[in-house]
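Hi,

Here is the structure I promised to pass on. Have a look at it first, and then read my notes below.

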Amino acid sequence: MRRLLAALAALAVAALVFATPAQAQDARIHLIHGIPDVDVDVAVGGSNVFEGFSFGDTQDLSSFAGATLEGLQVKAAGTDTVAIDAGDVTLPASGNYTVIAHLDADGNPTLGVFENNVSSTAAGQGRLTVRHTAAAPAVDILANGDVAFGDVPNGAGADVDLPAGTISASVVPAGASEPVVIGPADLPITEGANLIVYAVGSLDGGSLTVLTESIEGLASAPAAVNTGNTPVQDNGLGLVAVAGIAAVAMAAFVAVPVAARARR
Amino acid sequence: MAIPSTRRRPTNRLLLAFTFFGVIVSATRARADVDEVAAEPPKRRSRKRSLVLIALVGLIAAACASTVASSSVAEAGSVTERAAQALHAAAESEATPDDSAAVTSAEPQAASSSEDVAEDGPESSTSPQSEAPESSSGSLVDNDSAGSVQEPDEGSASADSPSEPGLDFSDTGLPPAQVGFDDLALDHDGRRPVSLAIEAIDVVDAAVIAVGVNPDQTFEVPPADEVGWYRFGPTPGDEGSAVLAAHIAFDGVDGVFRHLADAEVGSVVVVGFDDGTSQRYRIESITDYVKEELPDELFARTGDAQLALITCGGSFNPELRSYDSNTVAVAVPI
């Protein structure tokens, strides 16, 4: 047993060592365009890498995990007008991130980097992540009428694990019950998936809406399968045994006194 | 139910049998003694011994009888207890279906930064539903930090700074993120399994119902006469490992999978669906796993289509009223 443990420990150490070079493959980095009604070009080092990138468009930057995007700029499509000048952006080497171009609270374009919670969800549960990436003051996010996430400012987010099912979600200004600025909408909480909802657009501009992405494959197996609370019956064999014992006992009861009497 | 004695634990039954046999053997020997003694006169002595013997047998019989009585009473008690629990559970699960997703959490928490959200999380956001117990579930996890990336850097914008070599953006396009709520899939469509037949073990047309998990995240096993399909996993026939579980025995009644362990490699399994279609399988393996070591892969959402039939096996622990193992038959489509 001790040798087994030692072997396992050695394996674990080896796994750690070898995991490091492979980490780039574990990274998942998505870039989402989260500013309504604005088409953009994205440039790295002065050259456009995506052109005509429009609201909701998504790019997979996973293969650039750990790399530095030098001179990352977001420009109005077909122009040299720089909307976001992000400078050198070093992408995380591993992990699960979403980078979203969105409006800050004052309506200026910015880049938000969010790490996604991809820890396993318990059997029967799914995860809801909400992120405030809209030009609007802090908000409360309501689920089934109750405040699930309170006073969330622009650029912040949170997540919660819920039993799989459907919840009704809506967004109101922080501390107020109305006006409802987004929703109410039915959100599917899918078992083993993280539904990520971004509030995007501009409150003043009347363009508030949501973007969603979903990360699946987080499910866990049930804790146990308990499929019996009574011992199985032995197909009547037990019954026969009991009957047999009873018969023998009866015989003893009868025979002993009879024998005794006979000898009197 | 009719014959409580058959429901007693096998160990008790054995003990009882031994006791009786012991009594009978000693009685026989004693009688031989009696006979020897009886050959020579003192009849009173032998009679006395016989009487003592009879009394002894009677006493032991009485003791055994009372044990039997008390144990079946105890069992009856626990049966009602379990029935009450089952009713309670049923009531709860009935209450859950649609509002099951309610998040009540509570007091709005000040979240001036994402770190605050993280710290306040566990207390302020809890789900009251039975399906979401203590656990980590209510947590607002802290890795949700956000912020704009790095300061603007005027210099790097100049056209002469070359793009980093080796970065090829030509193949990075993904389907766009969903805009708005309208197209979010709210239900899982497609056929659902409704019946199960395994001729080899006399399962003729067992009802299959969709189940999830209990509040403690264990498999929500249906009553003894039904089979539970794990609705969070694949539908039988689809990619991944579809799971059907049923009792071996519950509350003294044989479950649908009472004889699963007696099935053989090659036995045919037929799953019927609500749309009238069916899928045939062939059992490839039958394996016993200690419960704690039941492979998670049996619940895999991806990979080759297979069907995992799960029940209990191994030895029964009377204190825990539970078996220590799972018997698993894995079948593949034919």
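Start with Ile141(A): its bridge partner in S13(A) is Val171(A). Keep in mind that this is a predicted model, where local features need pLDDT of at least 70, side-chain atom pairs count only at pLDDT 80 or more, and totals for chains, interfaces and linings use all residues. Residues are numbered from 1 along each chain as its sequence is written, while chains are lettered from A and ligands numbered from 1 in the order in which they are written.

The strand names come from DSSP runs, numbered from the N terminus (helices are H or I with at least four residues, strands are E with at least two). Strand S10 (residues 139-143) of chain A pairs with S13(A) in the antiparallel sense, over 5 bridges. Two strands count as paired if DSSP finds at least two bridges between them. Zoom out a bit and you get an open sheet of 4 strands in chain A, ordered S11-S10-S13-S14, with antiparallel pairing. Strand S11 (146-152) and S14 of chain A are at the edges with a single partner strand each, so one side of each has no neighbour in the sheet. From one strand to the next, the twist averages 25 degrees (axes are lines fitted to C-alpha atoms, for helices over the stretch in contact, and angles run from 0 to 180 degrees between N-to-C directions).

What else does Ile141(A) touch, leaving aside its neighbours within four places in sequence? Its contacts are Val130(A), Ala148(A), Phe149(A), Val152(A), Ala169(A) and Val171(A). A contact here means that the C-beta atoms, placed from the backbone, lie within 7 Å. Ile141(A) also turns up in the largest nonpolar core, which has 112 residues: along with Val243(B), Leu244(B), Leu307(B) and Leu309(B), Ile141(A) touches the most other members. Such a core is a set of buried Ala, Val, Leu, Ile, Met, Phe, Trp, Tyr and Cys residues joined through C-beta atoms within 7 Å. Buried means 20 or more other C-beta atoms within 10 Å of a residue's own, exposed means 12 or fewer, and partly exposed is in between, with C-beta atoms placed from the backbone.

Chain A as a whole has 2 helices and 16 strands, and 47% of its 264 residues are buried.

Most peptide bonds are trans, and most residues other than glycine have a negative phi. Where are the cis bonds? One joins Glu178(A) and Pro179(A), with omega about 0 degrees, and Pro179(A) is in the loop between strand S13 (165-173) and strand S14 (182-189) of chain A. Another joins Gly183(A) and Pro184(A), with omega about -5 degrees; Pro184(A) lies in strand S14 of chain A.

Over in chain B, Asp202(B) has a positive phi near 60 degrees. Asp202(B) sits in the loop between strand S3 (193-198) and strand S4 (203-211) of chain B, and is exposed, with 11 other C-beta atoms within 10 Å. Asp251(B) has a positive phi as well, near 50 degrees, but counts as partly exposed with 19 C-beta neighbours inside 10 Å.

One last stop: S9(B) and S10(B) run antiparallel, joined by 5 bridges, and Val270(B) has Arg280(B) as its bridge partner in S10(B). Their hairpin has 4 residues between the strands, and Gly276(B) there takes a positive phi near 90 degrees.

Cheers

Technical notes:
Two residues are in contact if their C-beta atoms, placed from the backbone, lie within 7 Å.
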